[in-house]
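Colleague: I am new to this structure and would like to understand the words used for it. Could we look at it together?

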Amino acid sequence: MRVGIVGSGSWGTALAIVLADNAHQVEIWARRSEQADEINRNHTNEEYLPGIQLPDTIKASSKLEQVVEGKEMILFVVPSHSIRQVARQVSGYIPQEALIIHAIKGLELETHKRISEILLEELPVPLHERIAVLSGPSHAEEVSKRSPTTVVVASNSIKTAEEAQDALINQHFRVYTNPDVVGLEIGGALKNIIALGAGISDGLQFGDNAKAALMTRGLAEISRLGVYMGANPLTFSGLAGVGDLIVTCTSKHSRNWRAGNMLGQGHSLQEVLSVMGMVVEGVKTTKASYELSFQCGIEMPITQQLYQVLFENKEPRKAVEDLMGRLKTHEMEEVAHN
Ligand SMILES: NC(=O)C1=CN([C@@H]2O[C@H](COP(=O)(O)OP(=O)(O)OC[C@H]3O[C@@H](n4cnc5c(N)ncnc54)[C@H](O)[C@@H]3O)[C@@H](O)[C@H]2O)C=CC1
Ligand SMILES: O=C(CO)COP(=O)(O)O
């Protein structure tokens, strides 16, 4: 297939490798022309995937419309805060039959919308059945080295999900399908909040019990909001739920964990973001989810404490004390009240 990848950060570039390995013809959009030149000339993307040699067949361009024009498959892999503007810009240039996959893990800050909801608003109606989301435990650094990785694609159309699966699956990159778009998007976005918390906990040197607690209770509140929004609870015990939560809370590759770790060591949010150089989706997602939790009347204690740490200068240690000091409760409220 002729494939256009919109976004040449670490994840867009790693997915370009997967697709080039599968003999697709890949063109990738780089915001800066020097980055496009580097990919075309040296077959590297040193800023985002240092030390990785890209297949020679991957082409790059800094002309956004050109990257989607005439393509049979388009992947959107830009940070969540830029997807609406980027989708709007290319909307008129995408062929009507194209398969659309997004691999973005975030929510729109201003509207709290999921990425596929934004795509439905920005792309023409004939493309709506063609939209799929890709999620799961998949750090770009490892995918680009062809380490075994499993992911999941969801779409409202099973045919679309299966086409995405066929295009991406290979010996190193195993792709499952799932019909639950909401579950995939909520799991993928909100695990970044918990990864920030896990990083803080590690920065405070709280140990493994604390991290296991954050991951487990984090998954409980992610599921609570997700189910309220229409997700299938089973999705959260799958790759896009607990799978991605584990990898993001425990891997040195995670930007969210690393940012949290620095916060736990006493750095300010401004300091942390200025040294990261890559998108830390969990920061904006914490704010969007915090607001959503009040809007929907869903209890999300970890998200609420993290919001106060990130945006109200609360001491991380005090946030942990407040979490531990909450009123006693049942582990599974839903079960206890039946
Ligand atoms: N890096 C990873 O391992 C994975 C990342 N993701 C998700 O993929 C999405 C993209 O992440 P990465 O590639 O890691 O990010 P990155 O920080 O490595 O790269 C972001 C890319 O988007 C471009 N960009 C930044 N601001 C932009 C704007 N305002 N308009 C247009 N383009 C802009 C940058 O130039 C860069 O090419 C995120 O939602 C992330 O959560 C999902 C799975 C794995
Ligand atoms: O989503 C990811 C792995 O599945 C990447 O997480 P980070 O954005 O924290 O690096």
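Predicted model: local features only at pLDDT ≥ 70, side-chain atom pairs only at ≥ 80, totals over all residues.

Colleague: Why is ligand 1 said to lie between domain 1 and domain 2?

Modeller: Domain 1 (2-179) and domain 2 (182-336) both give residues to the shell around ligand 1, so the ligand lies between them.

Colleague: Which residues come nearest to ligand 1?

Modeller: Of the 24 residues around ligand 1, the nearest are Gly-9, Trp-11, Ser-82, Ala-140 and Met-278. A residue belongs there if its C-beta atom, placed from the backbone, lies within 6 Å. Helix H1 (residues 10-21) gives the most to this shell, with 3 residues.

Colleague: What classes of residue make up the shell around ligand 1?

Modeller: The shell has 11 nonpolar residues, 10 polar ones and 3 charged ones.

Colleague: Now the sheet. How do you know that strand E1 and strand E2 pair?

Modeller: Pairing asks for at least two bridges between two strands. Strand E1 (residues 2-6) and strand E2 (residues 25-29) have 5 bridges, in the parallel sense, so they count as a pair. One example is Val-3, whose bridge partner in E2 is Val-26.

Colleague: What makes strand E3 and strand E8 edge strands?

Modeller: The open sheet has 8 strands in the order E3-E2-E1-E4-E5-E6-E7-E8, with mixed pairing. Strand E3 (59-61) and strand E8 (173-178) each pair on one side only, and that makes them the edge strands. From one strand to the next, the twist averages 25°.

Colleague: Where does helix H2 lie?

Modeller: Helix H2 (residues 33-42) lies across E2 and E3, and runs at about 165° to E3.

Note on methods:
Residues numbered from 1 in each chain as written. Chains lettered and ligands numbered in written order. Helix = DSSP H or I, 4+ residues; strand = E, 2+ residues; numbered from the N terminus. Nonpolar A, V, L, I, M, F, W, Y, C, P; charged D, E, K, R; others polar. Domains from an automatic or database assignment. Axes fitted to C-alpha atoms, helices over the stretch in contact; angles between N-to-C directions. Contact = placed C-beta atoms within 7 Å.
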